[in-house]
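Look at the sequence and the structure below before reading on. The paragraphs that follow go through a few places in turn.

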Amino acid sequence: MQNFKRRGTLTHFQILAEIAKQDYHLKQKDLAESLGITIQAVSENIKTLIEEGYIKSKDGRSPYTITQTGIDKVKKEAIDLRKFTDDVLETMSSYKTVWPAIADEDLKAGDVVGLYMRKGILYAGNEKSNATGIVVRDAKKGMDVALDSLRGLIDYDVGTVNIITLPTIKEGGSSAANIDLIKKTYKKEKSDNLVVAGIGTISHAIANSLDIPIDIEHAATQATANAARKGLDVLVLSVGDMTKSFMRELDDEKIKYNTINGKKD
């Protein structure tokens, strides 16, 4: 497989293999569609293969003919590829996927346990669930437990994301924010399943004044999306134009959200 590590080598192999089929009418467009690359990329690769003596062509255009050197190259690389795939298949036939979870109670190797989400973390225990796994090694309650033979789907709903938009410093910052609204929204949403994201300095100032803990402050979009996908609700305090880019990134992540105007009327 060492040969395929060089840039473009696999593409060369694929092009030579297609040409070796001796389709007289084979065009660069056909190769591009077959390999999922651009016609320009096909043209550049064919030029290289001609220069290296692996194929012959009149003026670099169809029809293309593979040379004996090209045939030898394809055979050698096909054998290398087959050996590599045989090794992979042999490895995968004995491979076990092991997943970690938190033990909800003392567990013994061989126990069949239910799997469920709490606060965005996967737990394993005797609680009834549509998803199950088998304990690989003994584990104490509260510790990590290794599981294999996972079956079924883990039950949890995607969390809600509420974004409170805050005024910029030019607009008055925290003094121009609707503090009562923010306080009421946090109190309403507060639960063991809630995390808070703070985007911008003003969001931290307001959170500090209301004694709201900030759980997410770096890589906020990805962290918010991951939290929501794991069933956590997210309350986002976000300032000015940063909110727009944050929402665009959430759209890219296909995460639904609600917006709340956190400015004073």
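Is Ala219 buried or exposed? The model in view is a predicted one, and in it Ala219 has a relative accessible area of 59%. The cut-off for an exposed residue is over 50%, so Ala219 counts as exposed. Ala219 is part of the loop that runs between helix 6 and helix 7. Its backbone is also worth a look: phi of Ala219 is positive, near 50 degrees, although the residue is not a glycine.

The loop between helix 6 (201-209) and helix 7 also holds Asp211. Here too phi has a positive value in a residue other than glycine, near 60 degrees. Asp211 has a relative accessible area of 66% and is exposed.

Now follow the chain into helix 7, which covers residues 220-229. Which residues of helix 7 are buried? They are Ala220, Thr221, Thr224, Ala225, Ala227 and Ala228. Viewed down the helix axis, these buried residues fall within an arc of 165 degrees, so they line one face of helix 7.

Thr67 sits between strand 2 (61-66) and helix 4 (68-93), in the loop that links them. Its relative accessible area is 13%. Buried means under 20%, so Thr67 is buried. What does Thr67 touch, leaving out residues up to four places away in sequence? Its contacts are Gly53, Tyr54, Ile55 and Lys56.

The last stop is a pair of helices. To describe how two helices pack, one gives the angle between their axes and the distance between those axes. For helix 1 (residues 9-19) and helix 2 (residues 28-35), the angle is about 125 degrees and the axes are 11 Å apart. That angle makes helix 1 oblique to helix 2. The two helices cross in a right-handed way. Which residues make the contact? Helix 1 contributes Gln14, Ile15 and Glu18, while helix 2 contributes Leu31, Ser34 and Leu35. Sorted by kind, the residues of this contact comprise 3 nonpolar, 2 polar and 1 charged.

Definitions and conventions:
Residues numbered from 1 in each chain as written. Predicted model: local features only at pLDDT ≥ 70, side-chain atom pairs only at ≥ 80, totals over all residues. Heavy atoms only, no water. Axes fitted to C-alpha atoms, helices over the stretch in contact; angles between N-to-C directions. Helix = DSSP H or I, 4+ residues; strand = E, 2+ residues; numbered from the N terminus. Parallel < 35°, antiparallel > 145°, perpendicular 65-115°, else oblique. Left-handed = near helix turned anticlockwise from the far one by under 90°. Contact = heavy atoms within 4.5 Å. Nonpolar A, V, L, I, M, F, W, Y, C, P; charged D, E, K, R; others polar. Buried < 20%, exposed > 50% of the residue type's maximum accessible area, 1.4 Å probe, protein only. Arc of directions from axis to C-beta.
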